[in-house]
Structures are given as C-alpha cells and as structure tokens.
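I opened the notebook with the model on screen.

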Amino acid sequence: MTDNVKTPSFIQALILVVLLVSVFGFGIIGFKLSPVVPLLLSLVIMTAFAKINRTSWSQIQEQILAGISTALGPLFLFLLIGMLIALWMAVNVIPTMLWLGFKIANVNWFLPTALIIAAMVGSMIGSAFTTLATVGVALMGVGTALGFNPALVAGAILSGAIFGDKNSPLSESTSLAASIAEVDLFDHIKNLMWTTLPALVSSLLIFTIIGLGNHHGSVADLEGLSNLLSPTWWAVLPLSLLVGMIWLKIPAIPTLLVNVAVSSVLFLTHNNLQNLSETLINGFKTPEQNELLSNLLNRGGMMSMMPTVIIIMFALALGGLLTEQKIMQVVMEPVIKRIKTVSGLVMGTLLTGIGANFMIGEQFLATILPGQLWKTSFDKKGLSRLSLSRVIEDGGTVINYLVPWGVAGSFAAQTLGVPVTNFAPFVFFSLLSPVFSLISAWTGLGIKKNTVGNTQQIEK
C-alpha cells in the first residue's frame with residue numbers, strides 16, 4: 001500500500017512527529033485527559049497531512065483500517081479475557097487464589113514475592129497478558145489488602161510477567177523478535193539473558209528494599225477477609241486446563257474460548273442463563289458487603305474491556321497512517337546513515353523501538369519497525385543478528401507496557417485497575433532493560449559478532 005504514497009521530506013516528518021508528541025504530552029500529562037482525546041486530535045492531524053501529501057480519501061481510509069487490522073486478534077482476545085476474569089470470579093477460581101494468597105502472605109517480602117510468582121507463571125505459559133489476567137489479579141488483591149500502594153504492586157507484577165514473557169519459547173512476541181532477526185528462537189532467548197537477568201535481579205532488589213515497611217496493613221488485616229472467602233479444591237481445574245492448553249501450543253483465542261465454555265458450564269451448575277449473560281457482559285458482582293472485598297472481586301466482563309479496546313483502536317488507526325505515510329522511516333533514515341559504532345547502533349535501535357511504541361502504540365509493530373530499519377546496519381558492522389533480536393526486545397515489546405495508549409499498557413491498566421501513568425515509574429524491569437542493553441553495547445559484554453564462516457563469539 002505504501003508504494004503509491006508520496007514520501008515526505010525529513011523536515012515535514014520531523015515537524016509532524018514533534019507536533020504529535022506535543023499533543024500527547026500536553027493532553028495526557030498536562031491536562032490529564034483520557035488518551036482518547038489526544039489520539040483523536042492526532043488522528044485528525046495525520047489525516048490532514050495525508051491529504052496534503054496527495055493521498056486520496058479512499059487510501060486514507062485503507063491506511064487507517066490497515067492499522068486497526070494489525071491487532072484484531074488482540075482486541076478479540078481482550079474481550080475473551082474480560083469474560084474469563086468474570087467467570088473465574090464467579091466459579092471461585094480467583095477467590096481461591098486470593099484466599100491462598102491471604103494465608104501465605106508475608107508483608108515485608110510481598111513485593112519481591114509477587115514479582116517472582118508472576119515471572120514463574122509468565123515463563124511457564126509464555127503470555128504476560130494471561131499472567132496479568134489470572135495470578136496478576138489475585139496478587140493485586142492481596143497487595144491492596146495489605147495496604148501497599150497499588151502502583152507499586154502493579155509494577156512488581158508487571159516486572160515479573162514481562163520477564164516471564166520475554167524468556168519463554170511459548171511467547172508470541174519473543175518468537176516474532178527472533179523471526180524478524182532471522183535467528184534461532186532458543187539462541188535468541190539464551191542471548192536475552194545478558195540484559196533480562198540483570199534487569200530482573202535489579203528489580204527484585206529494588207522491590208525488596210521498597211517493600212520493607214512501605215505499607216499500612218498487616219497479615220492480621222487479611223484474616224477477616226480470608227474468612228469471607230470459601231476456597232474450593234476444584235478451582236484448580238480451570239487453571240490447569242488453561243496452562244495445559246498453552247503448553248500444548250494451542251493458539252490463544254481457541255484456548256480462551258474453550259476455557260470460557262468450560263467455566264460457563266461450571267457457572268450454570270448454580271446459576272441460570274440470564275445470570276450467565278449478565279456476568280459475561282457486565283462482570284461479576286459479589287453479594288459480600290465488605291467494601292474492600294467487593295472492590296477486589298467485582299471485576300471482569302466484556303464491557304470492562306471496552307475502554308481499552310477504544311483506546312487501542314484509535315492508537316492503531318493513528319499507527320496505520322504513520323506507518324503507511326512512512327513518517328518514522330523518514331525521520332530515522334538520516335540517523336541510520338550516520339551511525340557507525342556498536343553503541344550508536346544499539347542506541348539508535350532502542351530509540352526507534354521506544355519511539356515506535358509511543359507513536360504507533362502496538363508492540364508487534366514496535367518490534368518489526370526497528371528490526372527492518374536497522375537490520376542492514378547490524379550486518380554491515382559485522383554484528384550477529386542475535387544482537388539485533390535482543391535489542392529490539394529491550395526497546396520494543398517491554399516498553400509498550402509503559403504507554404498509556406499502547407496495546408499492552410491499556411490492557412494492564414484495565415486488568416489491574418491502575419492507570420499506566422501511576423504504575424509506569426515502578427515497572428523497573430521495562431525501565432532497566434534498555435539501560436542494560438546500552439551497558440552491554442558500551443562494554444562489549446554480550447554483543448555477538450559474525451566471524452569468518454558465520455560463527456558467532458562474544459565480543460570482548
């Protein structure tokens with residue numbers, strides 16, 4: 001589709017990027033507006049630019065729809081997750097996890113424990129989204145009941161979930177990064193450890209220090225809440241079904257559909273079809289009168305995901321125009337031509353991924369774009385594609401969780417009940433991953449080079 005589009009000049013593209021960044025900055029940070037408003041204004045600005053750039057109205061529409069179509073799968077996935085959260089609340093799956101969390105919770109070590117649990121589950125199932133929607137919701141409830149700042153709890157959960165996602169062979173985004181760089185998936189995961197492990201350990205240390213005394217609750221406060229919950233042993237069955245299907249590498253949508261169906265059957269053993277319909281659409285409503293417990297359990301439903309879906313659709317529509325009008329490519333092209341050093345290549349790739357996340361809002365596109373733009377530069381410098389695949393992860397997929405209008409950020413905010421602007425400063429894993437990527441480039445540790453015969457070695 002981009003073949004028939006007039007390529008803008010560097011000055012035009014740069015002015016447009018600065019203008020759009022200003023709209024987002026003043027709108028969301030300055031005036032504290034919903035991301036929908038600056039996204040809508042930015043979409044109008046991009047539409048006007050596309051028309052001035054001699055793009056037909058029909059092409060503009062096609063470019064907008066092309067952007068939205070890149071995430072039709074995730075959008076449908078969010079609706080299924082909304083239904084599953086509501087059903088798992090209703091059939092006692094998440095309340096049982098909450099009860100267990102209340103019983104074993106250690107106040108002083110809760111934040112690092114939450115990070116480790118989320119990391120383990122994320123690594124096992126290869127999906128940060130599913131981790132957030134299941135154990136993430138339960139951990140969020142326990143942390144809130146203990147009196148921790150919800151943003152801190154969300155930061156710990158997200159740090160673990162994102163690490164797990166990045167280091168699992170079942171992760172779609174990790175597989176995408178490896179395929180874009182044309183490297184072996186397991187070699188890519190192994191090479192990721194140069195940055196993901198230091199970022200994880202550093203995050204763990206920070207949360208351990210922050211968690212000591214940074215709360216106003218105690219384990220005694222949880223006893224009253226745990227007494228209001230009635231755990232059931234069979235609650236583990238739906239969770240086991242979900243994990244089993246993911247381990248069998250069944251795609252996410254049929255996996256969630258099957259789990260929604262099974263959970264619906266369990267729900268109907270004690271409820272009627274009208275109640276099922278209400279729960280699927282509007283979420284679970286507990287009869288408990290305890291205000292804190294009600295806030296923990298009253299979740300889920302397709303309608304709860306609609307604000308997220310709306311933000312993502314506007315963001316992807318804008319991303320479609322930015323991509324098809326070649327804005328990011330034009331802005332980065334002079335930079336790519338001038339950078340010759342290894343550290344420059346790494347920094348340029350990181351900034352491209354970070355910029356794409358904030359401009360386009362879709363983590364897959366923020367992985368694909370820097371991979372495509374910088375692939376040739378890495379080859380010319382004699383660097384292994386494994387170095388490229390790791391850098392596009394460090395600046396691409398992990399950063400999307402920090403973008404209020406990003407696919408991942410919007411989903412995390414809706415699922416955990418904390419705005420992105422609140423939890424972003426505490427998602428230390430995402431914040432530190434680009435830092436350790438730069439340190440790797442500056443020191444040469446973990447930077448692989450292609451040698452004669454296309455073998456690879458660590459550059460000292």
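Is Thr131 buried or exposed? I found Thr131 buried, because its relative accessible area is 0%. My cut-offs were under 20% relative accessible area for buried, over 50% for exposed and partly exposed in between, with a 1.4 Å probe and protein chains only.

**Ground rules.** I am working on a predicted model, where local features need pLDDT of at least 70, side-chain atom pairs count only at pLDDT 80 or more, and totals for chains, interfaces and linings use all residues. Residues are numbered from 1 along each chain as its sequence is written, and side-chain values use heavy atoms, with hydrogens and water left out.

**Thr131, continued.** I placed Thr131 in helix H7. Helices here are DSSP runs (H or I, at least four residues), numbered from the N terminus. I then listed contacts, meaning heavy atoms within 4.5 Å. Not counting residues up to four places away in sequence, Thr131 touches Ala118, Val121, Gly122, Ile125, Gly136 and Ala161.

**Domains.** I looked up the domain assignment next. It gives domain 1 (10-67 + 306-443) and domain 2 (71-304). Such bounds come from an automatic or database assignment. I noted 27 Å between the centres of domain 1 and domain 2, taken over C-alpha atoms. On the contact list, 47 residues of domain 1 meet 53 residues of domain 2.

**Cores.** I searched for nonpolar cores, each a set of buried Ala, Val, Leu, Ile, Met, Phe, Trp, Tyr and Cys residues joined through side-chain atoms within 4.5 Å. The largest has 92 residues, and Ile81, Phe110, Leu158 and Phe423 touch the most other members. Both domain 1 and domain 2 give this core at least three residues each. A second, separate core has 59 residues, including Phe24, Met359, Leu373 and Leu383. Which residues does Leu158 touch, not counting residues up to four places away in sequence? I got Leu132, Tyr401, Ala412, Leu416, Phe423 and Val427.

**Cavity.** Rolling a probe the size of a water molecule over the atoms shows where empty space is left. I used a 1 Å grid over the protein atoms alone; a cavity is a set of points where a 1.4 Å probe fits but cannot get out, and lining residues have an atom within 4 Å of a point. Grid points are joined across faces, edges and corners, and the volume is the space filled by probe spheres set on the points. How many cavities of 30 Å³ or more does a search of the whole structure find? I found one. About 60 Å³ of space lies in the largest cavity. Its lining is Ile81, Leu84, Ile85, Trp88, Ile94, Thr130, Ala133, Thr134 and Leu256. Helices H4 (72-90) and H7 (128-145) each supply at least two lining residues. H4 gives the largest share, four residues.

**Leu98.** I located Leu98 in helix H5 (residues 93-104). Leu98 is buried, because its relative accessible area is 1%. Leu98 and Leu297 are 199 residues apart in sequence and 9.6 Å apart in space, C-alpha to C-alpha. Leaving aside neighbours within four places in sequence, Leu98 contacts Ala138, Gly141, Val142, Leu229 and Leu297.

**Leu176.** I found Leu176 in helix H9 (residues 172-181). Why does Leu176 count as buried? Its relative accessibility is 18%. Leaving aside neighbours within four places in sequence, Leu176 contacts Phe364, Thr367 and Ile368.

**Trp442.** I traced Trp442 to helix H23 (residues 428-443). Trp442 is exposed, at 53% relative accessible area. Not counting residues up to four places away in sequence, Trp442 touches Ser343 and Met347.

**Positive phi.** Most residues other than glycine have a negative phi. I logged Lys32, with phi near 55 degrees. Lys32 sits in the loop between helix H1 (10-30) and helix H2 (36-52). Lys32 is exposed, with a relative accessible area of 70%. I also logged Lys249, with a positive phi of about 65 degrees. Lys249 lies in the loop between helix H12 (236-247) and helix H13 (252-268). Lys249 is exposed, at 65% relative accessible area.

Methods:
1 Å grid on protein atoms, 1.4 Å probe; cavity = no way out; pocket = protein on both sides within 12 Å on 5 of 7 lines; lining within 4 Å.
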